[in-house]
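Dear colleague,

Please find the structure below, followed by an account of what was found in it.

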Amino acid sequence: MTTNKTETIHPMDALLAIMSRLRDPETGCPWDLRQDFRTIVPYTVEETYELVDAIEAADYEQVREELGDVLFQVVFYAQLGAERELFDFKDVLDGISSKLVSRHPHVFGDLQASETGQSLSEAEVKQNWERFKQAEREKKMRSAILDDVPRALPSLSRAQKLQKRAARVGFDWQDTDGVWGKIEEEMAELREAIAADSQAEIEAELGDVLIAVVNLARHLGIDAETATRRANGRFEDRFRLMEQAADEDGVALDQETVEQLEERWQRAKAKLASA
């Protein structure tokens, strides 16, 4: 007697099979077949930001969906790598698993306690993490401290990461007083550039001001990119309330004076603060 058994396919295997089918030279999707590592990058960035938006909005059903979209990006790159015999999805999994284990000896290895015999503090864990990452960079024969900071990072994130790297060799202020002094210095230079009416100098000095403010964020333990994104959200919410109030009053914002607009802004700000 023969029994037919239905083999259950793991969801990850199913996704990998779908990706392989999409890239089949004869029966695959024309759009997917045209893609390569570089052409997929903009979609990867877009999907990542959509995931961040969903998390910021605490829309967890959307988070689930966006996580799937981000995972598909990883699968796509792995398929491209396999086709060129560079790496496959298993190599990706093995790589990240090995990295996580090696960077967490306080969990998987012998480094269970600090010199005091107590469990490692969060600060000590972070310090060890950075040390392991530095060892990995040296193993890859990277010679410069600022090597491998991705140029594709958002500018604020990249600035903060570059500053963090430089701080490892002591190129940093001891406290926020030094950072405040640098901000004031850069502001003075920006004013001089504006007075000289030199667009190139204005751009350069304004960039220096922004970098100095990012440095302040780092010293205060604030992620500059996150702070800016949330500030954008607050601005959008307040401005939408201004538009809504103006519509209810039967007027357009562009018909009002600066003083009237400021008054609407303050009311919107107060309304959101009390919500």
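Trp-265 is buried, at a relative accessible area of 18%, where buried stands for under 20%, exposed for over 50% and partly exposed for the range in between (1.4 Å probe, protein chains only). This is a predicted model, in which local features need pLDDT of at least 70 and side-chain atom pairs count only at pLDDT 80 or more, while totals for chains, interfaces and linings use all residues. Residues are numbered from 1 along each chain as its sequence is written, and side-chain values use heavy atoms, with hydrogens and water left out.

The ring of Trp-265 pairs with that of Phe-235; the centres are 5.4 Å apart and the planes stand at 45°, so the pair is tilted. Rings of Phe, Tyr and Trp (its six-membered ring) pair if their centres lie within 6.5 Å, and planes under 30 degrees apart count as stacked, over 60 as edge-to-face and the rest as tilted. Distant parts of the chain are linked by this pair, since Phe-235 belongs to helix α11 (residues 224-248) and Trp-265 to helix α12 (residues 258-274), 30 residues apart. Helices here are DSSP runs (H or I, at least four residues), numbered from the N terminus. Phe-235 is partly exposed, with a relative accessible area of 47%.

The structure holds six aromatic pairs. One of them joins Phe-72 and Phe-76 edge-to-face, at 5.7 Å centre to centre and 70° between the planes. Both residues lie in helix α4 (residues 60-83), four residues apart, about one turn of the helix. Phe-76 is buried at 1% relative accessible area, whereas Phe-72 is partly exposed at 23%.

Leu-16, in helix α1 (residues 11-22), is partly exposed, with a relative accessible area of 25%. Leaving aside neighbours within four places in sequence, Leu-16 is in contact (heavy atoms within 4.5 Å) with Val-75 and Phe-89. The C-alpha atoms of Leu-16 and Gln-79 are separated by 8.1 Å, although the two are 63 residues apart along the chain.

Finally, which residue lies in the loop between α7 (122-139) and α8 (155-167)? Ile-145 has its place there, and Ile-145 is partly exposed, with a relative accessible area of 38%.

Note on methods. Helices (H or I, at least four residues) and strands (E, at least two) are DSSP runs, numbered from the N terminus.
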